[in-house]
Amino acid sequence: MHVYLLLVLCVLFWSANFVLGRFVAGAIEPLELAFFRWLGVWLLMFPFLLLHVKRIWAALKSYFGILLLLSALGIASFNTLLYVGLQHTTATNALLINSSIPIIIVFLSSLILKSTISHKQMLGIVLSTLGVVFLVLKGNVMSLHSLSLNPGDFWVIASSLCWASYSVLVKFRPQSLSSMEFFITTVSLGVPMLLPFYVAQGYSLEREMAIITQYTWVIAYVVIFTSILSYYLWHKGIAHIGAYKTGQFTHLMPLFGSFLAYIFLGERLEWYHLGGVVLIFGGIYLCLHVKKKEALTH
């Protein structure tokens, strides 16, 4: 299957995560959802971990520092901060902030990996970012001045910085590990990082069992689709086309979010959705289809 299609599926799964995050807001605390998610992933993949424990242990001994950093950024911090932010800010603000991830990736790639970018690719970033802004503002660009930052926005900003940093630094992960071996390694390090914060909240066993029982399907989705499948597809994209090009696909999230809201929440599709589609896909096309001599170097 073409890597671009795999990345589209990855972002589609993540977009549904935003819808579910809004759906369970107030019923499940952000830290609870993050902990249940990654503990569920670890339990589901435990047999795989046992089968590959020798290779994983060898990588941990040689690359513990970078693996710990990637676990902190991509597992313990990214979605936890996002879930916290969504408790205190609007979806519009969160989507606008999230659209900055590709730009942050470009900046960090230039700073850390010494990458260069063509004028055509920069134009693509601008176009797709404008498409996101146009979409979440419902075509009323004049309403941009009414947006204001609140504490929740800073959590989302921190979340975006974590994911952009992770996407760039993952280039330095141990190549001796396969994508799934690397993934279960970072999860195995990330769950213990979340555990003390989870325990400190003082949740009761009765409450936790009630949440797991009532929202089993939500937890199952974030474990299987938002975590295991999406992380595998994202790393597949980075391995084949680099962090910069892979990052552009995050601009599809508000677009997919609109269609998911139409399907599951009964929200209407409006004319500005078409405008957002044209700008976003136009920008991504420019970023992906460039001559080799213009392409981002890695």
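Helices are DSSP runs of H or I with at least four residues, numbered from the N terminus. On that basis, this predicted model shows a protein chain with 13 helices and zero strands. Along the sequence the pattern reads α-α-α-α-α-α-α-α-α-α-α-α-α. The chain has 298 residues, of which 53% count as buried.

**Contacts along the chain**
- Among contacts between residues at least 6 apart in sequence, 91% join residues at least 24 apart.

**Helix α4**
- Helix α4 spans residues 53-86 and has 34 residues.
- The end C-alpha atoms of α4 are only 36 Å apart, whereas a straight helix at 1.5 Å a residue would reach 50 Å.
- A bend of about 95° is found in α4 at Y63.
- α4 also supplies at least two residues to the lining of the largest cavity, and at least two to that of the second largest cavity.

**S109**
- S109 sits in helix α6, which covers residues 101-112.
- The relative accessibility of S109 is 2%, so this residue counts as buried, the cut-off being under 20%.
- Leaving aside residues up to four places away in sequence, S109 touches K114, S115 and V168.

**Cavities**
- Two cavities of 30 Å³ or more are found in a search of the whole structure.
- The largest cavity holds about 100 Å³ of space.
- Its lining consists of W14, N17, F18, F78, N79, L82, N98, I101, W163, T250 and M253.
- Besides α4, helix α1 (3-23) gives at least two residues to the lining of the largest cavity.
- By class, the lining of the largest cavity has seven nonpolar residues, four polar and no charged.
- The second largest cavity has a volume of about 40 Å³ and is lined by G21, V24, I28, P30, L33, Y83, L86 and Q87.
- Helix α2 (30-44), like α4, contributes at least two residues to the lining of the second largest cavity.
- Six nonpolar and two polar residues make up the lining of the second largest cavity, with no charged ones.

**Second largest pocket**
- The volume of the second largest pocket is about 290 Å³.
- Of the 16 residues that line this pocket, V170, K171, I238, A239 and G242 lie nearest its centre.
- Helices α8 (151-169) and α11 (216-247) each supply at least two residues of the lining of the second largest pocket.
- The largest share, seven residues, comes from α11.
- The lining of the second largest pocket divides into seven nonpolar, seven polar and two charged residues.

Terms used:
Residues numbered from 1 in each chain as written. Predicted model: local features only at pLDDT ≥ 70, side-chain atom pairs only at ≥ 80, totals over all residues. Heavy atoms only, no water. Expected span 1.5 Å × (residues − 1). Bend = angle between axes of the 7 residues up to and from the residue. Buried < 20%, exposed > 50% of the residue type's maximum accessible area, 1.4 Å probe, protein only. Contact = heavy atoms within 4.5 Å. 1 Å grid on protein atoms, 1.4 Å probe; cavity = no way out; pocket = protein on both sides within 12 Å on 5 of 7 lines; lining within 4 Å. Points joined across faces, edges and corners; volume = space filled by probe spheres on them. Nonpolar A, V, L, I, M, F, W, Y, C, P; charged D, E, K, R; others polar.
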